[in-house]
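I am opening a notebook on a structure that is new to me, and I want to write down what I look up as I go. The entries follow the order in which I turned to each part.

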Amino acid sequence: MGILTFLELKDGQIKKGSLSAITCARNLAEKTGLKYDIVIIGDNLEKAAEEACEFGAKTVFAVKGIQGYTAESYKEAIEKVINESGAKYFIAVGTSVGKDLAPRVAARIGAGMASEIIEVLDGETFKRLMYAGNIIATVKIKTENKVLTVRGTAFDKAEKSGGKSDVKFIEIQPSFNKKRFIKVEETKSTRPELTEAQVVVSVGRGIKDPENIKIVDELADVLGAALGASRAVVDAGWLPNDYQVGQTGKTVAPQLYIAVGISGAIQHVAGMKDSKVIVAINKDPEAPIFQIADVGLVADLFKAVPELTEKLKKLKEGK
Amino acid sequence: MKILVPVKRTHDPYSKIKLKSDGSGVDMTNIKFVINPFDEIAVEEALRKKEKHGGEVVVLSIGTPEWVDQIRVALAMGADRGILVDTGGKYLDQDAIARIIVKVIEEEKPDLVIMGKQAIDDDSNQVGQLLSEYLNWPQATFASKLDIQDNKAIVVREIDGGLETVEVELPAIITADLRLNQPRYASLPGIMKAKQKPLKTIKIDELGVDLNPKIVIEKLETPPERKAGIKVKDVDELISKLKELKALPF
């Protein structure tokens with residue numbers, strides 16, 4: 001009986017975004033009186049296992065023997081841990097890995113699953129968004145086993161809580177052989193990760209030409225911001241796919257979100273409307289983005305953005 | 001090659017969604033219905049694969065008889081035949097839908113299933129993955145490129161941080177992401193031909209699937225609306241407003 005929390009690793013370290021799953025597990029533990037465990041999967045796990053021990057989990061399960069991620073092999077690892085720990089809940093953050101993996105685990109253990117929850121009401125009811133964030137649904141999972149993915153922006157990244165969990169290393173040899181990992185082409189960027197950044201500068205169709213993206217790049221540089229994009233910009237191939245903010249892209253909730261040349265379609269707004277302060281710069285005063293922006297500037301972005309960059313640069317250096 | 005494409009009927013993505021005044025459901029008056037946009041991309045991809053490798057494209061919908069409208073659209077785009085599993089309007093969760101599709105797959109024995117990665121109403125993003133597990137087939141979700149070679153599919157997937165390439169043996173489940181293709185419009189001759197194409201209806205009870213939901217919706221509500229703030233006249237005023245809101249990182 002317990003809660004199993006899945007943390008993703010990158011280069012042998014726990015991904016910061018994964019820590020939202022621990023916050024969700026703690027909420028759930030508080031409401032059910034259950035304990036939570038952590039599972040990590042990969043190679044060279046020693047360092048990550050040590051780090052995972054500091055988040056107040058009862059046991060950290062570290063599963064070795066899998067090279068590269070596939071939902072099929074990770075599912076086998078998780079099933080093995082669930083059999084050993086007797087977990088009734090499985091929690092992952094709704095990243096591209098979490099979304100790919102969690103339903104597969106749910107089907108395997110006969111669990112009902114709630115996708116990308118934003119709140120834990122009790123041990124079986126949860127809140128989640130539907131219709132591109134236009135509706136909040138309260139859902140109840142009726143099965144004994146339950147699987148949850150967590151919307152990262154709705155749960156804080158957990159802090160270490162002191163203490164030390166037990167670590168259990170498990171070795172597995174995945175049996176599934178109908179899928180082969182070939183390669184990953186990583187988007188090269190020196191900027192903070194979109195979902196973790198304090199400031200996000202996003203660019204829309206109004207930028208007109210990929211050459212012009214350097215204008216918003218410079219603004220993002222001054223602010224130490226991540227760069228995001230509307231679907232139109234990504235569809236046009238002007239920025240890579242993982243820059244897309246929206247219903248089907250990434251969900252962000254930074255301290256400051258600056259939308260440049262973005263009209264504000266509901267699909268885009270779904271991915272950024274929980275940002276603390278939203279700034280919109282658009283030459284069309286009727287653009288829907290102004291209906292949700294805290295601060296709107298109706299202006300030609302090709303004049304306003306370079307001016308903003310220059311003035312912020314001076315402000316920053318003056319301090 | 002036989003390709004099965006499950007499609008869902010959803011609201012037009014550009015329509016304004018609001019709750020009924022008593023909160024019992026989403027107000028669907030004056031809403032236009034379409035094929036779920038991700039499923040439409042899946043239909044297009046199936047047609048392109050058929051055009052290249054030959055075979056048959058079968059479209060499956062699980063809903064009420066009105067859903068035939070969306071099956072007809074897929075047939076007009078070029079799919080060969082349609083199947084409607086008539087639910088009689090019963091509430092079905094994602095898991096029940098997946099298990100119904102399993103039944104149809106056992107009957108139809110497709111080489112490949114292509115479907116949208118998520119429906120734009122539920123936004124759950126589950127059915128393709130559930131289906132893969134129930135069948136013990138490989139899955140390639142969030143596909144932005146699909147190539148069939150011999151008995152394998154090479155799939156480029158959209159992931160956080162870039163693009164991933166995997167190879168899966170057929171039969172497999174592929175779920176479509178936005179950039180897989182740009183769906184065609186149904187041509188007028190296509191629409192005429194679609195009327196003659198075979199369309200079979202199966203009553204849901206005939207499938208012998210346990211339809212008890214694992215997850216139910218207890219309540220729907222509207223999120224607090226974000227109010228429009230102020231408009232500033234120039235960059236200087238914008239900066240002083242940002243300072244006032246303590247929104248700047250320096």
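**Entry 1: a loop lysine**

I began with K157(A), which I found in the loop between β10 (146–150) and β11 (166–171) of chain A; helices (H or I, at least four residues) and strands (E, at least two) are DSSP runs, numbered from the N terminus. Before going further I noted that this is a predicted model, in which local features need pLDDT of at least 70 and side-chain atom pairs count only at pLDDT 80 or more, while totals for chains, interfaces and linings use all residues. Residues are numbered from 1 along each chain as its sequence is written, and chains are lettered from A and ligands numbered from 1 in the order in which they are written.

Leaving aside neighbours within four places in sequence, I found K157(A) in contact with K16(A), L19(A) and S20(A), where contact means that the C-beta atoms, placed from the backbone, lie within 7 Å. I also looked up T23(A), whose C-alpha atom is separated by 6.7 Å from that of K157(A), although the two residues are 134 apart along the chain.

**Entry 2: a sheet of ten strands**

I then traced an open sheet of ten strands with mixed pairing, in the order β11(A)-β5(A)-β4(A)-β1(A)-β6(A)-β10(A)-β7(A)-β8(A)-β9(A)-β12(B); strands pair if DSSP finds at least two bridges between them. At the edges stand β11 of chain A and β12 of chain B, each with a single partner strand, so one side of each is left without a neighbour in the sheet. Within this sheet I followed β8 (residues 125–130) and β9 (residues 135–141) of chain A, which run antiparallel and are joined by six bridges, and I noted that R128(A) has A137(A) as its bridge partner in β9(A).

**Entry 3: a sheet of six strands**

The next open sheet has six strands in parallel pairing, in the order β14(A)-β13(A)-β15(A)-β16(A)-β17(A)-β13(B). Strand β17 (residues 295–298) of chain A pairs with β13(B) in the parallel sense over three bridges, and here V295(A) has I230(B) as its bridge partner. Further along, β13 (residues 199–203) and β15 (residues 256–260) of chain A pair in the parallel sense over five bridges, with L256(A) as the partner of V199(A).

**Entry 4: where the chains touch**

How many residues of chain B are in contact with chain A? I read 63 residues of chain B against 74 of chain A. The largest share of the side of chain B that touches chain A, eight residues, comes from β9(B). By class, that side has 31 nonpolar, 14 polar and 18 charged residues, where Ala, Val, Leu, Ile, Met, Phe, Trp, Tyr, Cys and Pro count as nonpolar, Asp, Glu, Lys and Arg as charged, and the others, Gly among them, as polar.

Key
Contact = placed C-beta atoms within 7 Å.
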